[in-house]
Structures are given as structure tokens and as C-alpha cells.
Amino acid sequence: MSTFTSASNPAGTPTDGKNGTMNATTTEATRRPHLSGMTWLIWRQHRAAFWSILAAAALSVAWMVYERGQMTDFLDGFGYPARSLDEAGSAFQQYVDAFSFVALGLGAIPILLGVFLGAPLLAGDLENGTAKLVAAQSVSRTRWLATKLALAGLVVVVSTGVLSAVFGWWWNPVKSEVTVMDWMSTEAFNNTGPVPVALTLFSVFGGVAIGVVLRRTLMAMVVTFGFTVAVQVVWSYSIVSLGNAVTITTNKGVMGENGSPSLPRGAYEIDYSFVTGSGDLVGFGTCSGSQTDAARQACLDKADVVGWSVEYLPMSQMNGMQWFGASILFALTAVVVAFLFFWGRKRLV
């Protein structure tokens, strides 16, 4: 095939072969990035952090898929659920340890992303003067801020959402086994369902707001670390209050096999005490100082103790509790975002 150049194109610039005009439109379309404009600029600015988060999430997912395959092979060979895992003894301990190890890592995600993604997201631009450069351009600060928050939020939602789904899928075959992982523990409750997404979003955007206020990256990261740790502590103590406690009482005494109340499998006990014939509650330590069972029974009879009163949360409430808690965190995140738009954007110069 021969090539040619026209008189007006002595340098041999490629033409479309029909009228000798340069095929600039095709070349431009070929070289155009998948993202464009402000979105491409923000992604390029933070691509190292974004790709690191997504890559770490992908590796974690691959590891959990592998661990689940190993665990299900063991369970099938062992004969679970026909046989209780109590009979497995230490043979199943390695899988319990794997849950604990991964849950610990997942639980640290809100803190890590809050400190290393949220805090520097705008504080870095305020500190190095990038925000002033953006303010001098034709693009509004509102659009710049919205694009920054949207891209960061998208990366957080995608990564934590996938991790939550895969971790829950891994745990599901032994979900009712309290010895593996109690559903009310932070390892299970905070790493499955919508909770990790909501908790991480709140931590990250909280870090962004701290960065806007302090305007110094390192200081913002230190304060954000304290903020995210405090959020984790407060949240952990608030989990129980998200459910509707159920109370069960017995009247067959408190000693012997028939005295203990029968709770649903996987139920989380909140509180338990003795109940008297008149319906009053007394501490379960009543008559605990008796030397013999006969002496204790006599003491209990004298106190008119007739049975137990147990307050618990059934495992069936877990999904509802998670969505209720996540909705609170999403609402708090919306407040932080509103703060950034209606007050914080004025400081982005």
C-alpha cells in the first residue's frame, strides 16, 4: 500500500486518504482518556491511594475466597452440620483463627482510610496551595469539592461493600456457631452487611472535614486517628441498643436441668437475674455464699426465688439492627457532607 502527502502537507502528516485533510478528530478520540475533565483530574491526583485501596480489597477478597473453600472442604469431610463442631476440637481452630485475623484487619479499615484517605483529601490541597489554583479557574469550587467527595466515596463504597459481602459469605456456613464468631461481636457485626460501608464513609468524610478545619495534613491525620478510634469505641458500646431486647422468664426454680431457660440458637444474653413469686427481680448472686446445694436451695426458697429472668437479643434481629445502625451512620455522614458544602467550601482558598 502506498502513502502520499499533499503539497500543503509536506511533513507527511497522516491524512484521511480522501480529501487530504488531517484526521485530527480520530486521533483525538483515540487518545482521549476514559475519564475526562474534572473527574480525570481528581482521579489522577489521588490515583495512588485509590488504586492501592482497590488492589488491597481485591487481594483480601481472593484470600477470603480461598479460606472459605478450605473451610467448606473440612466441614463436608467432617459431616457438619450433622455432627457438632464441638467434636472437631482443635482441628477446626485454624479456621477460627483465620476468621479472627481477617476480622481484625477489616475492623481497622475505617481508621486507616479515615487517616490516610480522608484527612489528606482536602487538607493537602489547602496546605500546598492547589486549592487557590483551582479557585482561580473557571471550574467552581462546589464542583471540585463534589467530584473529590464523589470519587473518594465511590472507592470506599465499592471496596468495603465487596469485602463485607465476601466476608459474610465466608462466615455464613458457620454463622450460628458462637464458638466461631459471636454475631454480636464487633468482628462479626461491624464487618458484614451495610455497617462497614457506613462506618468507613463516616470515618473518611469526618477526616475530610477535620482536614478542612485544620488545613494541615499531618495535624489532620493525627486528629482523625483519634476521631476514628473514638467512633469505633462509641459504636461498639452502642450496638446492643440497636435491637429490641426480648425477656424470657421461668418458674421451675434455678437449680437443676429444668431450671435454665431455653433460648434460641445464637441468642445474645444481655442480662439475667432471678425472679421471685411476686414477679420481683433479684440478683443472680443471691445465696451464692451457701456452702452446699441443699443450703443454697433453702436460701432460695426463703427468698421466694422461683425461676430465671433472661433478657436477650435473638440472632434474627441482626440484619435489622445493622441497617438501623447503618442508617444512623449514613445520616451523620450526610450532615458532615452538608457541613463541607455549606461552610467548608468557603475555606477552600
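Begin with helix 4 and helix 7, whose crossing is left-handed. This is a predicted model, so treat each stop as a description of a prediction. To find the pair, select residues 93–107 for helix 4 and residues 141–171 for helix 7. Their axes come within 12 Å and cross at roughly 165 degrees. Angles over 145 degrees count as roughly antiparallel, and helix 4 and helix 7 are therefore roughly antiparallel to each other.

Now show side chains where the two helices touch. On helix 4, select Ala98, Phe99, Val102, Ala103 and Leu106. On helix 7, select Leu163, Phe167, Trp170 and Trp171. How many residues of this contact are nonpolar, polar and charged? The contact of helix 4 with helix 7 has 9 nonpolar residues, no polar ones and no charged ones.

Stay on helix 7 and select threonine 160, which has its place there. Is threonine 160 buried or exposed? Its relative accessible area is 3%, and buried means under 20%, so threonine 160 is buried. Leaving aside residues up to four places away in sequence, threonine 160 touches Ile109, Pro196, Val197 and Thr200.

Next, select residues 195–214, which are helix 9, and residues 217–238, which are helix 10. The axes of helix 9 and helix 10 are 9 Å apart, and the two helices pack at an angle of about 145 degrees. Helix 9 passes helix 10 in a right-handed crossing.

Which residues meet here? From helix 9, show Val195, Leu199, Phe202, Ser203, Gly206, Gly207, Ile210, Gly211 and Leu214. From helix 10, show Met219, Ala220, Val223, Thr224, Phe227, Thr228, Val231, Gln232 and Trp235. The residues of this contact divide into 11 nonpolar, 7 polar and no charged.

Leave the helices and turn to the sheet. It is an open sheet of 4 strands in the order 1-4-2-3, with antiparallel pairing. At its edges, select strand 1 (246–249) and strand 3 (281–282), each of which pairs on one side only.

Then select strand 4, residues 305–313. Strand 4 is joined to strand 1 by 4 bridges, and these two strands run antiparallel. Strand 2, residues 268–276, is joined to strand 4 by 8 bridges and also runs antiparallel to it.

Some individual pairs can be picked out along strand 4. Isoleucine 248 has valine 310 of strand 4 as its bridge partner. Select glutamate 311 in strand 4 next: threonine 247 stands opposite glutamate 311, and aspartate 271 has glutamate 311 as its bridge partner.

For the last stop, select asparagine 319 in helix 12, residues 318–342. Is asparagine 319 buried, exposed or partly exposed? Asparagine 319 is partly exposed, with a relative accessible area of 48%.

Terms used: Residues numbered from 1 in each chain as written. Predicted model: local features only at pLDDT ≥ 70, side-chain atom pairs only at ≥ 80, totals over all residues. Heavy atoms only, no water. Axes fitted to C-alpha atoms, helices over the stretch in contact; angles between N-to-C directions. Parallel < 35°, antiparallel > 145°, perpendicular 65-115°, else oblique. Left-handed = near helix turned anticlockwise from the far one by under 90°. Contact = heavy atoms within 4.5 Å. Nonpolar A, V, L, I, M, F, W, Y, C, P; charged D, E, K, R; others polar. Pairing = 2+ DSSP bridges. Buried < 20%, exposed > 50% of the residue type's maximum accessible area, 1.4 Å probe, protein only.
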